[in-house]
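Trainee: Before I use the terms in this model, I would like to see each one tested against its rule.
Mentor: Then put the terms to me one at a time.

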Amino acid sequence: MTDYNFAYLDEQTKRMIRRAILKGLAIPGYQVPFASREMPMPYGWGTGGVQVSAATLTPDDTLKVIDQGADDTTNAVSIRKFFERTAGVATTEETSKASVIQTRHRIPEEDLTEDQILVYQVPIPEPLRFLEPSEVETRKMHSLEDYGLMHVKLYEDISRHGQIATSYAYPVKVEDRYVMDPSPIPKFDNPKLEMAAIQLFGAGREQRIYAIPPYTQVVSLDFEDYPFEASKADAACDLCAATDSYLDEVITDDAGGRMFVCSDTDYCRSRRAAGHVGALGTAFDEDAA
Amino acid sequence: MHMQSLQGGFSSEPVEAAVAFRAAMSAMARPGRIETVAGAQPPAPMSVAAGVLILTLCDPETPVFLAGAWDCPEVRDWITFHTGAPFAGPETCAFALGDWAAVTPLSRFPIGTPEYPDRSTTVIVEMSELSEAGATLSGPGIQSSATLSLPEIAPMQANAVLFPLGLDFFLTCGDRLAGLPRTTKISNVEG
């Protein structure tokens, strides 16, 4: 650990990121440009989130990293190890014990508290990018609050599919001003964007940082006759029987066998430890793999 | 340059700056909440909290405007030695430092542009008193309402109306600081 500055980045880089975070918190949902650095991992692996986490961590923090809700996938494991080595922080898989949580594409099922910070990895921060490729134009659209195009997109969803088919990265309006991409979280998670914790978003390749302070109004875009609906698979977790959590569908054989499991591995584990058993689950055993 | 300008910085910058930033972030994310910071011993009339903010956030990329009594050789030397931040007038500064009488009128500072509302000044206002009582605040970061002693109500309300443009404030007193972003709505004064 002595080979690195605390939390890998040099101090001037951290100051630049910290200033961007403060402006982001002061202008919720607005994408603050920042001078993203090369990190020892490729773009797309969470370099934006890693830089925001590096500028946020203190030695007393306990870090949790999740990838699609899971603590034990490659991306989560490598980022957790990165900060164990470069910042020397404690790490955990338990949501309630973490003070900083870096996430890729999920919000933990358990409600976060005022003492926690949620850092999102963001691939494309600009919600209007696939509708308007020019940065000059999208910046002008944000400044003029010209979001008609986004409603046209949702309307075209309805005319083509009979419903709003956007199921992840569902656009939100923050504090009745900026339309924001909540990163590719399932729209099931959108209602949770109004929370007690500080939410920071980092996009490394696109060089943008944005933020949502606690208790900030975050509204998913919709129409009066097609209201927003937070959807999930209509099933219970086959391991822990939870009916209120977001589920992954897992193919189990080549004969059409499948099962639904909680995407949030810590939520599922804690439910099983409390004695809940799903249709395909077995009694919880702490030592089992 | 006086010898005391070389002292009073962070003794362990990476860790102390990280802890200080978390306090500053928490203050900016939760207007009305007062945070305590440590690690800087700046020359008078600068407070410890203002010194910590300058050390944590300023460097050669951020022009600093010193207002009133804060524009003195001791403060200039201290900021130059510890941060390398250049000094600038109010029209071009990223950070401004002084007491309320010295930093006003606020119309001198950049409030950002419609395309880049983040390019606005962060004003550090040195206060003789700072308490969680006074004007009633609401907005992002505040669950229902909060109260905070503000130097003056009307200019802060006028600043909030500019949203998404506008200035952001840190109020400092001794080793304590509070944040007041442009999003905070200031409704009335208690008793």
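What follows takes the terms in turn, beginning with the interface.

Mentor: Keep in mind that this is a predicted model.

Trainee: What makes A:Glu114 and B:Arg33 a salt bridge?

Mentor: The N to O distance between the side chains of A:Glu114 and B:Arg33 is 2.7 Å. The rule asks for a side-chain nitrogen of Lys or Arg within 4 Å of a carboxyl oxygen of Asp or Glu. Arg supplies the nitrogen and Glu the oxygen, so the pair qualifies.

Trainee: How many salt bridges are counted between chain B and chain A?

Mentor: The count between the two chains is eight. A search of the whole structure, over all chains, finds 27.

Trainee: How do you know that B:Asp59 and A:Arg15 meet in a salt bridge?

Mentor: Their side chains are 3.1 Å apart, N to O, and the limit is 4 Å. The pair therefore counts as a salt bridge. It crosses between chains: B:Asp59 is in the loop between α2 and β2 (64–66) of chain B, and A:Arg15 is in helix α1 of chain A.

Trainee: What else describes the interface of chain B and chain A?

Mentor: The contact takes 42 residues from chain A and 44 from chain B. About 3,500 Å² is buried between the chains, with carbon and sulfur atoms giving 62% of that area. There are also 19 residue pairs in polar contact across the interface, both residues being at pLDDT 80 or more.

Mentor: On the side of chain B that touches chain A, at least two residues come from each of α1 (13–29), α2 (48–57) and β7 (168–173) of chain B. Of these, α1(B) gives the most, with 13 residues. By class, that side has 24 nonpolar, 11 charged and nine polar residues.

Trainee: Why are α1(A) and α2(B) called roughly perpendicular?

Mentor: Helix α1 of chain A, residues 11–26, packs against α2(B) at an angle of about 115 degrees, and the axes are 8 Å apart. Angles of 65 to 115 degrees count as roughly perpendicular, so these two helices are given that description. The residues in contact are A:Arg15, A:Arg18, A:Arg19 and A:Leu22 from α1(A), with B:Leu55, B:Thr56 and B:Leu57 from α2(B). They divide into three nonpolar, three charged and one polar.

Trainee: Why do α1(A) and α2(A) get the description roughly perpendicular?

Mentor: The axes of α1(A) and helix α2 (residues 47–56) of chain A cross at roughly 95 degrees and come within 9 Å. The range is 65 to 115 degrees, and the pair is therefore roughly perpendicular. From α1(A), the residues A:Lys14, A:Ile17, A:Arg18 and A:Ile21 meet A:Gln51, A:Val52, A:Ala54, A:Ala55 and A:Thr56 of α2(A). This contact has five nonpolar, two polar and two charged residues.

Trainee: What makes the bond from B:Thr104 to B:Pro105 cis?

Mentor: Its omega is near 0 degrees. B:Pro105 is in the loop between α4 (100–103) and β4 (122–126) of chain B. Another cis peptide bond joins B:Phe163 and B:Pro164, with omega about 10 degrees. B:Pro164 is in the loop between α5 (154–161) and β7 of chain B. Most peptide bonds are trans.

Trainee: What is noted about the phi of A:Tyr8?

Mentor: A:Tyr8 has a positive phi, about 70 degrees, although it is not a glycine. Most residues other than glycine have a negative phi. A:Tyr8 is in the segment before α1 of chain A.

Trainee: Which residues are in contact with A:Arg272, leaving aside its neighbours within four places in sequence?

Mentor: They are A:Leu239, A:Cys240, A:Thr282 and A:Phe284. A:Arg272 itself lies in helix α6 (residues 265–273) of chain A. The C-alpha atoms of A:Arg272 and A:Leu239 are 7.4 Å apart, and the two residues are 33 residues apart along the chain.

Technical notes
Residues are numbered from 1 along each chain as its sequence is written. Chains are lettered from A and ligands numbered from 1 in the order in which they are written. Side-chain values use heavy atoms; hydrogens and water are left out. Contact means heavy atoms within 4.5 Å. Buried area is the accessible area (1.4 Å probe) that two parts lose on being put together, summed over both. A polar contact is a pair of N or O atoms within 3.5 Å; within protein, one must be able to donate a hydrogen and the other to accept it, and residues adjacent in sequence count only if both atoms are side-chain atoms. Helices (H or I, at least four residues) and strands (E, at least two) are DSSP runs, numbered from the N terminus. Ala, Val, Leu, Ile, Met, Phe, Trp, Tyr, Cys and Pro count as nonpolar, Asp, Glu, Lys and Arg as charged, and the others, Gly among them, as polar. Axes are lines fitted to C-alpha atoms, for helices over the stretch in contact, and angles run from 0 to 180 degrees between N-to-C directions. Angles under 35 degrees count as roughly parallel, over 145 as roughly antiparallel, 65 to 115 as roughly perpendicular and the rest as oblique.
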